[in-house]
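Work through the exercises below with the sequence and the model open. Each task is followed by a solution in steps.

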Amino acid sequence: MRMVFTALCLCAALATQAQHPLHFTATDPGAPPREHGVDFIYLLAELSFKPEDKKVMGKVTHTFKAKRLGVDSIFLDAPGIQISSLNLNGKPHSYEVAKQGIVLRFNPSPDTAQLNSLEITYTATPKKGLYFIGWDDPSNTNRKQIWSQGQGTDNRHWIPMFDSQNDKVVSELRVTFPEPYYVLSNGGLVSRKKTKDGQIEWQYKMPAPHANYLIMLGIGEYKVLEKKSASGIPMKLLYYPDHADRAEPTYRYSVEMFDFFEQEIGIPYPWKTYSQIPVQDFMYGAMENTSATVFGDFFCVDERGYRDRNYVAVNAHELAHQWFGDLITARSAKHHWLQESFATFYNWLYEKEAFGADHFDWNRHNAAQSALQASREDLLPVAHSQAGTVRHYPKGAHVLYMLREVCGRANYNKAIRRYLRSFGFKNVDSQDLLNSFHDELGLELDWFWNQWVYKGGEPHFHVITETVTNADGKPEARFIVRQEQEEGELSSVFQMPMNLAVYLKNGQVVRSRQWIRSKNVTLTVPLPDGAEVDFMVADENRQILSKQTFEASPEALRNMALHAKGLLDRYAALENLRKVSLQDKRTVLLQVLNSPHEFHALKLEALRQLLPSIETDPEVLSAFRSAIKSSDMELQKGSTQLLLPLLPSPSILGLLPEIQALFNQANASYQLLENALNLACRWQPERAAEWLAATPALSGNRGKSLEICRLELTVKHQLPQADAALKSLEEYASPRYEFITQTQAWAALARLDYLSPALLDYALVAMEHSNGRLAGPVRSTLKELLSRHRHQAMLNSWLQAHPDLAAQMQSKIR
């Protein structure tokens, strides 16, 4: 009965929001779906390669039907592809070559009931979509791989196709490639057999339709870690044979998150298999290709690397996409948030399961800060093709979190199940999601969509709290809330339920949930007779994505920092204490640091505020010593990072024993070791050789971060091995290494102010690389080096020695 009463109250509250017509306020060129007159049903691609030439030899067979009568032509995306032959329904058919593809004309128009077969034989040397890694490296330092990245519309560069997200096909790939290479594609492995010339033909087939941009191919040398979900889905987790020690840390929790999503989402995993493959030089974090995720091999970590940046969140994100993005796919770019926001929200949910509620709340905090920052640039809504990464990923995830809070978890999950069942293997838009909530729950949520999906911005609450005696002589707490955000076509006054909490000095907490419905509102909470208020919290634990300015006394802030239930309320109190003198907050900051269960981000905020007194206050110095020795590695890394700018002093040098102990800490992460090494060499440069010898002889996972740090310090402190170290850095900046090692080496060389003719050669190759995370940083670093007058003569000599490359180089550094 209590649950029924709660549901009735929710319906009554939401009914007061009724009759809000939907407002699409921002013009969006990405709103209309791409027009197409035929429905592509099946795609069979038969492929072989000349990897040294970066060449694809292929035959693709499309099966399609006309969607309407009178279709007189179709256009296939095929930029740069050379067509050898084209047959329609078994007969040669004419076609016209356009810059971006080919046009086929029909006479007569095909009947809508007619099933047609279009067979195209072709070759391609793609610049996008399919990437050949390491085949041009005569040193064989690079791995040799071929892998695809189809999103947004890049698969068209290696397979002629209708490359748009609003058409779905069942795909089949038959790939011929020599041993010992492993081939992975979407769906189940139907067969693996030897060809007459001794190569291997791999045949993969999807069990159901998916969007063309999700078609994938991955080829390389791998071993396979095989797992199975509780529901029996086979999982193939690929790893490099020389990195067997990284397989378990990389794929940690993979089975658990799979089981969690099937339970939480309530819809069985929609494909029959699931595989994952790491690749070198991937330009993003990962890609949710249907049933076969590709991810950057920089996520392949050992135990130490796991403690710096692991694959868990990205792993969960891509797995969630198998439902949100692959099973259901946005109809057009305007509704891209339906894929990325959902995947982000569900990876948050699994992270909460794995790492706890504080971790989850900190994700929400970071999302809110990112969204508020983005709104300083523009007020585009979440449902907009140009909304940007922040809104499509973290802001949209927070919007879904608020939607679940408004509806309740069980109701939210019920509506999501209807949404997925109704639109499985189809395309969706934002209205489809809204209708699913309405049809399943009977709730009118247009008001929510208007302010959080179709409009931009976020509320800025200015909150004043007070305690008063009402007309009946009863005590009550008042929250005076004013919304101060910009109002206009793209943003407006927000309406939301707000959780209020009044903490009393006797330890009791009085809570109330009330609605904000106007720009200025006063909310009242009745209090027990004789109640003494300690502090008051509006929007407890920051459930609403907003900026909140509130006024409170130093005493209230101190008590809130220690005793508020919500992590984000305690953090908000600490943030507001920044404006309070050190004398008035010192004790509470030390109490935060001494709290055994407080989240590391709050402890680091306390350390940050105490840092100016580290040399004069022994207790502050002791607090840093405890942080360095902590069992919480995030606190260890953060506290040592805070110390990096400090110059040595007798007090600071008192921390050296703790810093030195980090070199022998068995589980120390690579970042922690780097921090320790940099601190020791900064504080006692005369002992640099000793500190370098004490550092474990490890390279690091993400690039060769720790090794590059050691090499840089060897050169910086002019140790006997400096010349050899400089040559090693130069080597790591070459195209013979993956992009993170290159960018880290370039950054170290820039700090050392070193440039050579060989580095100019490497820079030009890097700046032409398809991975912008290599090309961009190297270009910026080179321009920074060349801005220093002493390197100009070297550049001029290089340009004279390479007249055929001079214009290319000058265009890059202009």
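Ala, Val, Leu, Ile, Met, Phe, Trp, Tyr, Cys and Pro count here as nonpolar, Asp, Glu, Lys and Arg as charged, and the others, Gly among them, as polar. The model is a predicted one.

**Exercise 1. The largest cavity**

Task: Find what lines the largest cavity, and sort the lining residues into nonpolar, polar and charged.

Solution: 
1. The count of cavities of 30 Å³ or more comes to one. The space in the largest cavity is about 90 Å³.
2. Its lining consists of Met-402, Glu-405, Val-406, Met-496, Pro-497, Met-498, Asn-499, Arg-513, Asp-539, Gln-543 and Ile-544.
3. Two elements, helix H8 (389–407) and strand E26 (496–504), each give two or more residues to this lining. E26 gives the most, with four residues.
4. Sorted by the classes above, the lining has six nonpolar, two polar and three charged residues.

**Exercise 2. The second largest pocket**

Task: State how much space lies in the second largest pocket and which residues are closest to its centre.

Solution: 
1. The second largest pocket holds about 620 Å³ of space.
2. It is lined by 29 residues, and Lys-54, Phe-132, Asp-136, His-769 and Ser-770 are the closest to its centre.
3. Strand E9 (130–133) and helix H25 (757–767) each contribute at least two lining residues.
4. By class, this lining divides into 14 nonpolar, eight polar and seven charged residues.

**Exercise 3. A four-stranded sheet**

Task: Give the strand order of the open sheet that contains E24, and name its edge strands.

Solution: 
1. The order of the four strands is E28-E25-E24-E30, with mixed pairing.
2. Strand E28 (520–526) and strand E30 (547–550) pair on one side only, which makes them the edge strands.
3. From one strand to the next, the twist averages 25°.
4. E30 pairs with strand E24 (residues 460–469) in the parallel sense, over four bridges. Opposite Phe-550 in E30 stands Val-463.

Key:
Residues numbered from 1 in each chain as written. Predicted model: local features only at pLDDT ≥ 70, side-chain atom pairs only at ≥ 80, totals over all residues. Heavy atoms only, no water. 1 Å grid on protein atoms, 1.4 Å probe; cavity = no way out; pocket = protein on both sides within 12 Å on 5 of 7 lines; lining within 4 Å. Points joined across faces, edges and corners; volume = space filled by probe spheres on them. Pairing = 2+ DSSP bridges. Axes fitted to C-alpha atoms, helices over the stretch in contact; angles between N-to-C directions.
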